Amino acid sequence: MIYLDSAATSLRKPAAVSRAVRRALRQCASPGRGAYPAAMRAADMVFQCREEAAALFHMDSPDHVIFTQNATHALNIAVYSVVVPGMRVAVSGYEHNAVIRPLVARGAEIRVASAPLFDREGMIDAFRRVLPGAGAAVCTHVSNVFGFRLPLREIAALCREEGVPLIVDASQSAGVMDIDFPGLDAVFCAMPGHKGLLGPQGTGLLLCRGSAEPLLYGGTGSQSERPDMPEDLPDRLEAGTLNVCGVAGLLEGIRYIRRNGTEKLAEREAVCLTLLMDGLARIPWLRVFSNGTEQIGAVSMIPSDGNCEALAEKLAERGVAVRAGLHCAPLAHTTAGTLSTGTLRMSVSPFTSAGKIRNTLSRMEKFKN
Amino acid sequence: MSVYILFPTLLQAQGGNKLLSESGIPAQVVKAPRQMGDKGCAYGVRMSERWLDRSLRVLDAGPIRYGRIFVPEGDGFREAGT
């Protein structure tokens, strides 16, 4: 199989990740409950993962690194902590449903900062227009549909000037771009553990600047006589048993990233993505949404007959795994003008090889659309 | 004899233990005896009584908040400072 759906999940992981998961299944009990060796072993491992994550994102303390089930869970906590019903919230025109749906459920008045695809200056201007009067802002770092790298630092600076708390969705950037969380001055940064961080599914991280409101209430293994959730992080946001095996795998994923460096991993991805985009551009029946410098990890395209799903199926029959449709981001398609067809998306990881890209292109070149 | 320094969360107990260990103080993260936690389950670090003063100096110089301290008394413990 040629796997080109890393924007959904990174299927290939470092070998240490699955070894760690298997080991944790056998040896780790539940942290923060008992005090016997298997529980303390689990607690130590979880502690190390928090520390590694804190270091990766330039944070002083691991206390504000929260484990979640995925980025969606993390974004929900962030939205529920910051947004109140009726609040005006500025969002980019490329947000995922993991941002839009909680905002709608929360009763937010959503204002979209809309700009053409890959137009960074246009995006900055758009945010400048919608931020005044906003009670919060949410911005994705990289579009999951188009790989468009938004001007996050500039948007964060605008939010700071306007006094608007910013929530960052780093789902497509964590692990392949350096994210200086304290430097952004955002209140929250949400990410999955199972994409760029190379951990297993069922893991995610929420980086918090201050405190937050729990989404889930229950046992924390601490201050049990309180009927309400403890005030201190991370306990306040981590009710119930952690996905210990997942965290064990995530720890190895983060260690791999720190050993290699996000720059080196990003370069590996960029080589493959550039090769892919250059090859796709030569296929006459494909409309490819590409821009070399502002694109990270993913490229979207539409065949001339507009049937992305049929093309995806054809590719799957030939062993190429891609995704077609709206990618849970109808807003992105509305902004880019692709809502009626959706797109077919190919996305790479640091483990994608140039050989697999060439193979994909040669299979596609044989199609007559 | 052992003393206990309690922390608000397990994570802070682990952070405190790491600070102490880096300062050459042998300590261990433990679940605190039930009677020590005023809000229920609590975690702390346990160490020999002779390390207590130095431990508090290390912790006071660092970013980790600690809570109540328990020292031996008779067959049990009393909260230090009471």
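The second largest pocket has a volume of about 370 Å³. A pocket, on a 1 Å grid over the protein atoms alone, is an open set of points with protein on both sides within 12 Å along at least five of seven lines, while a cavity is a set of points where a 1.4 Å probe fits but cannot get out; lining residues have an atom within 4 Å of a point. Grid points are joined across faces, edges and corners, and a volume is the space filled by probe spheres set on the points. The model is predicted, local features need pLDDT of at least 70, side-chain atom pairs count only at pLDDT 80 or more, and totals for chains, interfaces and linings use all residues. Residues are numbered from 1 along each chain as its sequence is written, chains are lettered from A and ligands numbered from 1 in the order in which they are written, and side-chain values use heavy atoms, with hydrogens and water left out.

The lining of the second largest pocket consists of 25 residues, and Thr72(A), His96(A), Ala98(A), Lys195(A) and Cys328(A) lie nearest its centre. At least two lining residues come from each of helix H3 (71-82) and helix H4 (97-105) of chain A; helices (H or I, at least four residues) and strands (E, at least two) are DSSP runs, numbered from the N terminus. H4(A) gives the largest share of this lining, 4 residues. By class, the lining has 10 nonpolar, 10 polar and 5 charged residues, where Ala, Val, Leu, Ile, Met, Phe, Trp, Tyr, Cys and Pro count as nonpolar, Asp, Glu, Lys and Arg as charged, and the others, Gly among them, as polar. Cys328(A) lies in the loop between strand E12 (323-325) and helix H11 (330-336) of chain A. Its phi is positive, about 55°, although Cys328(A) is not a glycine. Most residues other than glycine have a negative phi, and most peptide bonds are trans. With a relative accessibility of 36%, Cys328(A) is partly exposed (buried means under 20% relative accessible area, exposed over 50%, partly exposed in between, with a 1.4 Å probe and protein chains only).

Phe118(A) also has a positive phi, of about 70°, without being a glycine. Phe118(A) is placed in the loop between strand E4 (109-113) and H5 of chain A, and is buried at a relative accessible area of 12%.

The largest pocket has a volume of about 440 Å³. Its lining of 20 residues has Ser61(A), Pro62(A), Asp63(A), Pro63(B) and Ile64(B) nearest the centre. The elements that give two or more residues to this lining are H2 of chain A and H1 of chain B, and H1(B) supplies the largest share, 6 residues. The lining of the largest pocket divides into 7 nonpolar, 5 polar and 8 charged residues.

The structure also holds 3 cavities of 30 Å³ or more. The largest cavity contains about 250 Å³ of space. Among its 22 lining residues, Pro31(A), Arg50(A), Thr220(A), Glu238(A) and Leu10(B) lie nearest the centre. Helix H2 (37-56) of chain A and helix H1 (10-22) of chain B are the elements that give two or more residues to the lining of the largest cavity. This lining comprises 8 nonpolar, 10 polar and 4 charged residues.

Asp232(A) belongs to the loop between strand E8 (204-208) and helix H8 (244-260) of chain A. Asp232(A) is buried, its relative accessible area being 16%. The side chain of Asp232(A) makes a polar contact with the side chain of Arg65(B) at 2.2 Å; a polar contact is a pair of N or O atoms within 3.5 Å, and within protein one must be able to donate a hydrogen and the other to accept it, while residues adjacent in sequence count only if both atoms are side-chain atoms. The loop between E8 and H8 of chain A also holds Pro234(A), which is joined to Leu233(A) by a cis peptide bond with omega of about 0°.

In helix H6 (residues 152-162) of chain A, the residues Leu152(A), Ile155(A), Ala156(A), Leu158(A) and Cys159(A) are buried. They lie on the same side of H6(A), because they cover an arc of only 160° around the axis, the arc being that of the directions from the helix axis to the C-beta atoms. The exposed residues Arg153(A) and Glu161(A) are carried on the face of H6(A) turned away from its buried side.
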